[in-house]
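Please keep the sequence and the structure in view while reading.

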Amino acid sequence: MHLELNERRRRVLKAVIQQYIDTATPVASQDLARSLGVSSATVRNEMAALEDAGLLTHLHTSAGRLPTDAGYRFFVENLMDRAALSTQEQRMIQHQFYQIRSELNQWIHLAAAVLARTAQTAAVVTPPRAYESRFKHIELISINDALVLLVLVLHEGSVKQQTLPADPNTTQEQLSRIAGRINELCHEASAKAIANIAHNQPTNQPPLSSFEVLVIESVARAMQQFEEHVNELIHHDGLLEMLHQPEFGQVTRVREVLSILEGGTMLESLIPQALASDGVQVIIGGEHSRDELRDYSVILSRYGVNGDVAGVVGVLGPRRMAYPRSISSVRYIAGVMSDLMGDLYGERKIEPSE
């Protein structure tokens with residue numbers, strides 16, 4: 001946000017926002033005069049100028065000021081101090097993840113719980129997924145004369161299973177040979193490339209049998225479905241931390257935030273944006289494209305290994321959010337998750353930028 005403010009107005013704006021974040025109460029000029037070392041009249045004049053600039057507002061004539069979305073944006077980009085997690089907090093978080101380092105499924109739950117506790121608001125975490133799913137391996141296992149179990153393993157570790165009709169009397173040895181051929185044909189291929197294999201017989205090789213085409217089409221379809229539903233699994237924690245804040249004293253606000261977190265669809269639209277961006281993304285109130293999110297701020301960061309597998313960690317809270325602490329928490333947990341993914345895949349991790 002490009003806006004020139006003199007030093008005194010910057011100090012007044014920063015003080016108003018910090019006090020409003022701490023108290024959830026509009027800030028009066030006399031509240032700041034002593035701490036800023038100027039008169040109440042001076043603070044009042046600077047507040048009026050900041051209101052004219054669209055950075056502060058007030059609920060009625062005699063009330064104190066509170067930040068607008070533009071004010072929060074200016075604060076985040078120009079005024080806030082860094083609030084790195086303490087060394088003790090970092091050690092405790094590292095120790096918690098170290099204890100479950102071999103349990104991939106637990107990383108997501110722990111990341112959400114730690115982030116919610118650290119930022120004192122609701123946290124959301126998506127599992128690591130490939131940007132584009134890639135084939136790794138299949139197995140074909142005979143169940144009976146009429147059915148075969150297809151076990152599909154994708155590159156980032158996801159496993160899909162489905163049954164397929166089989167020709168009677170097909171032996172397990174024949175199924176293993178078919179699986180071996182398909183593994184060679186589809187090695188590291190995308191869903192689109194595998195669909196092309198099914199529709200266009202490979203050159204310089206024996207033609208595919210009808211059963212081989214069925215298996216390849218099933219693999220391509222499973223991978224496409226996987227990519228389409230990649231954002232459905234958004235794990236959240238910290239609802240109680242969020243509801244302790246004064247903004248959620250009314251039942252309608254509680255229902256609203258439950259709908260956002262439990263429904264997931266409102267947050268889904270933000271996940272691709274976070275996956276495609278470097279660094280921590282901060283979306284404040286009216287900056288959201290969806291009306292339901294305009295009373296909230298969301299902070300998100302991508303984690304994972306570059307060009308391969310990634311997920312998103314973040315927090316959701318009222319616009320009156322402790323941005324320095326929340327941004328540092330999101331950045332730190334994203335770094336921890338990227339370290340874990342880098343160790344798992346032996347590849348270069350995503351470094352959350354400043």
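## Strand 11 and its partners

Strand 3 and strand 11 are paired in the antiparallel sense over 4 bridges, where strands (E, at least two residues) and helices (H or I, at least four) are DSSP runs numbered from the N terminus, and two strands count as paired if DSSP finds at least two bridges between them. Within this pairing, Ala122 has Leu316 of strand 11 as its bridge partner. Strand 10 (residues 296-305) is also antiparallel to strand 11, and 10 bridges join the two; here Tyr303 stands opposite Gly311. Strand 11 (residues 309-318) is mostly covered, with 10 of its 10 residues buried, buried meaning under 20% relative accessible area, exposed over 50% and partly exposed in between, for a 1.4 Å probe and protein chains only.

The model is predicted, so that local features need pLDDT of at least 70 and side-chain atom pairs count only at pLDDT 80 or more, whereas totals for chains, interfaces and linings use all residues. Residues are numbered from 1 along each chain as its sequence is written, and side-chain values use heavy atoms, with hydrogens and water left out.

## Thr121

Thr121 is found in the loop between helix 6 (104-119) and strand 3 (122-125). Is Thr121 buried or exposed? Thr121 is buried, because its relative accessible area is 2%. Not counting residues up to four places away in sequence, Thr121 touches several residues, among them Asp237, Glu241, Val315 and Leu316, a contact being heavy atoms within 4.5 Å. A polar atom of the Thr121 side chain lies 2.7 Å from the backbone oxygen of Leu316.

An open sheet is formed by 3 strands in the order 5-6-7, with antiparallel pairing. Its edge strands are strand 5 (135-142) and strand 7 (159-165), each of which pairs on one side only, and the twist averages 20° from one strand to the next; axes are lines fitted to C-alpha atoms, for helices over the stretch in contact, and angles run from 0 to 180 degrees between N-to-C directions. Strand 6 (residues 147-154) is joined to strand 7 over 7 bridges, and Leu152 has Lys160 in strand 7 as its bridge partner.

Helix 7 (residues 172-185) lies across strand 5 and strand 6, and runs at about 170° to strand 5. In the loop between helix 7 and helix 8 (191-199) lies Ser190, which is buried because its relative accessible area is 15%.

## Nonpolar cores

The largest nonpolar core has 59 residues, of which Leu13, Ile299, Val313, Tyr323, Ile333 and Met337 touch the most other members; such a core is a set of buried Ala, Val, Leu, Ile, Met, Phe, Trp, Tyr and Cys residues joined through side-chain atoms within 4.5 Å. Helix 14 (residues 323-345) gives the most to this core, with 11 residues. A second, separate core of 31 residues includes Leu150, Leu154, Ile182 and Ala195.

## Overall form

The protein has 14 helices and 11 strands, and buried residues make up 49% of its 354 residues. The radius of gyration of the protein is 26 Å, whereas a compact globule of 354 residues would be near 20 Å; the radius is taken over C-alpha atoms, and the globule rule is 2.2 Å times the number of residues to the power 0.38.

Conventions
A polar contact is a pair of N or O atoms within 3.5 Å; within protein, one must be able to donate a hydrogen and the other to accept it, and residues adjacent in sequence count only if both atoms are side-chain atoms.
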